[in-house]
Structures are given as structure tokens and as C-alpha cells.
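Here is a short briefing on one protein model. Look at the helix packing and the strand pairing.

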Amino acid sequence: MKKSIKSEDLQGKYINLREVELSDAAFILTLRTDEKKSRFIHKTENNLDKQVEYLKRYKMLDDEYYFIVENKRGEAIGTMRLYNMQDSVCTSGSWLVSHDATPEEAIEGSVLVKRIAFEQLGMKFLRYDTRKKNKQVVTYQKIWGSRIIGETELDYYYEISREEFEARLGKMYKWLARLKAMRYVKHNTGLEEIRRKIADILGIPENRVSDELAAGSIPEWDSLAQLAIVSTLEE
């Protein structure tokens, strides 16, 4: 039987989680068929009826948690999932967020799901896989100190322990707070080392790092890139 999670444990600082409902099918389908966001996930057929049927099957499971991420206004902005439940380890996945989510909202969904896995479900380890070409998420896994426990031609397989998670949680929330209204380029554009680091993280030529460049102004500077910049510049 699936363990019930108290509503207060689904409340974050910037977002809330709730269990997915059949009425969320259209929102989920929009995320999973978005050309940019679907580059590094399993392909989903653009068929609403099939998405509804998938959610109906999920509702019959007792070993999986599928969450909708909502901002504090109650608007759906993303998804997260916990599955492959074993005695002391489970897998986290289906991490997708809408273009409307702020950096701190986008990332806290992942943080809160980790907390649920460890603090509410009693897991000792959490696993996830990431496409090797998904450079921003690979960087994010490194920030957490996640270990690579396997790989294929396409994917890295990661694992993090509860102890490792707890050791970094406070710093992660500090970085999330800094994500609000962060504009490192605007305030530090004269510092060549900072310009070089930002260009390296974004994977762009250094001459593109200018006063006009800021979080969200180019596709490369998304929420995860913003977090990588914050964490790197504070080292």
C-alpha cells in the first residue's frame, strides 16, 4: 500500500506539490511534446486519450508517486515522479517545467521530491538517469555531488545518498534564494574570469557575454544554467 504523504510535506518555499489527476493530462502532454523540453526524454505521442489512459493506470499503482508542481498561485508549472520503489532506494524522474516557471520554482520541485524520498518515504538512496547531451542537468547532478554508478552510450546513471543530500540541502536553499533577480553579468561584466566561467557554463563564445545578457535572455541561460552560475561564482 502506498504511503500517504502529509499535505504540509508537499509545501515548499517557492512551490507546492500535489498528486497528479486525470484533469492534468492536457498539461502533461503539452510539456512532454514541447520541442525543446522533450529533447532529452522518452518520446510521447501527442494523443490526449492515451495520456489520460496512462494516468488511469498510474492511479491503480501502489508503488509510484506522480506529482504536479504548482507555483504559490496554484498554477501548474511542472511534473516530478518517484518510482521503482525498493526497500531503501527509488528512482526520480519526469522532471519537466514550463517556460513560465522562475528558476527557483523550476529547481525546488526537484529538491522537494528528494526531501520526500528521504524524509517521508525513508529511502537511503535516490537514483536518476540523465542524457549525456543534457549538459545543464549533468552539471546539476554534479552540484548535488551525485555519483555516476553506470552509463550507456546515451545516458549517465546517478545515485545520491540521504547523507550526501542532507549535507548539501542548506547550501542549495541558499542558492535558490540567490536565484531571485540574479544578474551576474550586469554587475560583473568587467571581470574577465567571471565572463569566462559564464561562457563556459552556457556553452557560448565569451564575446557573447555582455551587459545585455541575463538569465532567460537566451535559450542556453535556463534555470539550471542559472543555478550552475550561482554555485560556481560562489565557490
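Buried means under 20% relative accessible area, exposed over 50%, partly exposed in between (1.4 Å probe, protein chains only). Strand β3 (residues 76-83) has 7 of its 8 residues buried, so it is largely enclosed by the rest of the structure. This is a predicted model: local features need pLDDT of at least 70, side-chain atom pairs count only at pLDDT 80 or more, and totals for chains, interfaces and linings use all residues. Residues are numbered from 1 along each chain as its sequence is written, and side-chain values use heavy atoms, leaving out hydrogens and water.

**Strands**

- Strands (E, at least two residues) and helices (H or I, at least four) are DSSP runs, numbered from the N terminus.
- Two strands pair if DSSP finds at least two bridges between them.
- β3 pairs with strand β2 (residues 65-71) in the antiparallel sense over 6 bridges.
- Tyr66 has Arg81 of β3 as its bridge partner.
- The hairpin of β2 and β3 has 4 residues between the strands, and Gly74 in the turn has a positive phi of about 80 degrees.
- β3 also runs antiparallel to strand β4 (residues 89-97), joined by 5 bridges.
- Thr79 stands opposite Leu96 in β4.
- In the hairpin of β3 and β4, 5 residues lie between the strands, and Asn84 takes a positive phi near 50 degrees.

**Helices**

- The axes of α1 (residues 25-32) and α2 (residues 48-59) come within 9 Å and cross at roughly 115 degrees.
- Axes are lines fitted to C-alpha atoms, for helices over the stretch in contact, and angles run from 0 to 180 degrees between N-to-C directions.
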